[in-house]
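I opened this notebook to keep track of what I looked up in the fold, beginning with the strands and ending with the ligand.

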Amino acid sequence: MRDLVVAMTGASGSIYAVRLLEVLLVAGRRVHLTISPSAATVLNKELGLKVNLQDFDARQLLPTEEELISHPLLQGLEGSHSGLSDFSSVFSDPQQGKIIYHHHSDFMAGIASGSFLTAGMVICPCSMGTLASIAGGHSENLIQRAADVHLKERRKLILVPRETPLSSIQLGNMQRLSEAGATILPAMPGFYHTPRTIQDLVDFVVGRICDHLEIEHKLFKRWGDATIEGD
Ligand SMILES: Cc1cc2nc3c(=O)[nH]c(=O)nc-3n(C[C@H](O)[C@H](O)[C@H](O)COP(=O)(O)O)c2cc1C
């Protein structure tokens with residue numbers, strides 16, 4: 001199994017990325033992770049997490065017990081089928097997948113080159129700024145460069161944008177990237193699976209990302225599948 005690349009940028013919805021990492025690690029995948037400075041700001045604003053991009057430790061992506069109790073977004077995640085208590089063991093269990101962190105300015109990282117083989121890249125959440133830079137081929141940081149590499153190598157590139165409403169410039173950038181081979185998978189949960197918690201909504205989006213990465217999961221009840229328990 002080839003490694004995956006996950007990048008977090010400064011759009012709202014950092015909880016999607018934290019959950020995605022958890023699911024990929026539980027699936028036993030090696031993940032090359034890079035985080036933009038704006039993504040670190042949003043992680044702090046939305047989840048109360050303090051991520052040090054110079055001295056990164058994957059455990060920084062875990063809320064403390066105190067944060068878990070006090071943060072309304074995180075409360076819905078506790079004690080479910082793959083809750084945050086499992087998440088902490090994910091980072092310490094060598095049987096699980098692994099995160100290989102790269103600083104966003106490290107162009108020496110393997111993922112900056114097409115000769116480094118991967119099974120695909122996800123940018124989650126993807127800001128309009130990063131989206132525009134990739135559409136313009138700027139490659140100004142490792143995230144944009146790795147995305148550019150995935151496009152030129154004709155590998156999977158899944159972008160999870162979050163913005164509303166969308167300008168014609170943003171829509172044009174998405175169309176351009178879609179035509180270049182990227183999958184535009186907006187953080188836009190459905191409601192037909194009768195979600196009850198924030199985690200249900202998060203899992204819908206993360207599950208759709210996993211579908212496109214060809215990773216098996218039971219994160220939501222599929223339309224038309226009567227074999228899955230649920231409503
Ligand atoms: C709390 C917060 C929420 C934000 N939400 C969004 C958003 O939903 N979508 C977006 O495109 N930009 C959003 N931004 C703005 C981006 O973070 C900003 O454009 C930044 O330059 C993106 O840089 P990056 O793509 O390198 O991460 C947000 C910023 C902050 C501080």
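**Entry 1: strand β1**

I began with β1 and found this strand mostly covered, with five of its five residues buried; a residue counts as buried if 20 or more other C-beta atoms, placed from the backbone, lie within 10 Å of its own, as exposed if 12 or fewer do, and as partly exposed in between. I note that this is a predicted model, in which local features need pLDDT of at least 70 and side-chain atom pairs count only at pLDDT 80 or more, while totals for chains, interfaces and linings use all residues. Residues are numbered from 1 along each chain as its sequence is written. Strands (E, at least two residues) and helices (H or I, at least four) are DSSP runs, numbered from the N terminus.

Which way do the residues of β1 point? Leu-4, Val-6 and Met-8 point one way and Val-5 and Ala-7 the other way, and all are buried. In a regular strand the side chains alternate between the two faces of the sheet.

**Entry 2: partners of β1**

I looked up the pairing next, where two strands pair if DSSP finds at least two bridges between them. β1 (residues 4-8) runs parallel to β2 and is joined to β2 by five bridges, with Leu-4 opposite Val-31 and Met-8 opposite Ile-35. With β4, β1 pairs in the parallel sense over three bridges, and here Ala-7 stands opposite Ile-123.

**Entry 3: strand β2 and the whole sheet**

Five of the six residues of β2 (residues 30-35) are buried, so this strand is largely enclosed by the rest of the structure. From β1 the chain passes through helix α1 (residues 14-26) to reach β2, and this β-α-β crossover is right-handed, meaning that, with the strands pointing away from the viewer, the path from the first strand over the helix to the second runs clockwise. β2 also pairs with β3 (residues 98-101), in the parallel sense and over four bridges, and His-32 has Ile-100 in β3 as its bridge partner.

Going on to the sheet, I found six strands in an open sheet with parallel pairing, in the order β3-β2-β1-β4-β5-β6. β3 and β6 (183-184) stand at the edges, each with a single partner strand, so one side of each is left without a neighbour in the sheet. Four bridges join β4 (residues 121-126) to β5 (residues 157-161), which run parallel, and Met-121 stands opposite Leu-157 in β5.

**Entry 4: helix α1**

How many of the 13 residues of α1 are buried? The count is 12, so α1 is largely enclosed by the rest of the structure; among them are Ser-14, Tyr-16, Arg-19 and Glu-22. After α1 comes Gly-28, whose phi is positive, near 80°.

**Entry 5: the ligand**

Which residues are closest to the ligand? I found 16 residues around the ligand, the closest being Thr-9, Gly-10, Ser-36, Ser-38 and Met-128, where near means that the C-beta atom, placed from the backbone, lies within 6 Å. The elements that give two or more residues to this shell are α2 (37-47) and α6 (128-135), and α2 gives the most, with five residues.

**Entry 6: the protein overall**

To finish, I looked up the totals: the protein has nine helices and six strands, and 40% of its 231 residues count as buried.
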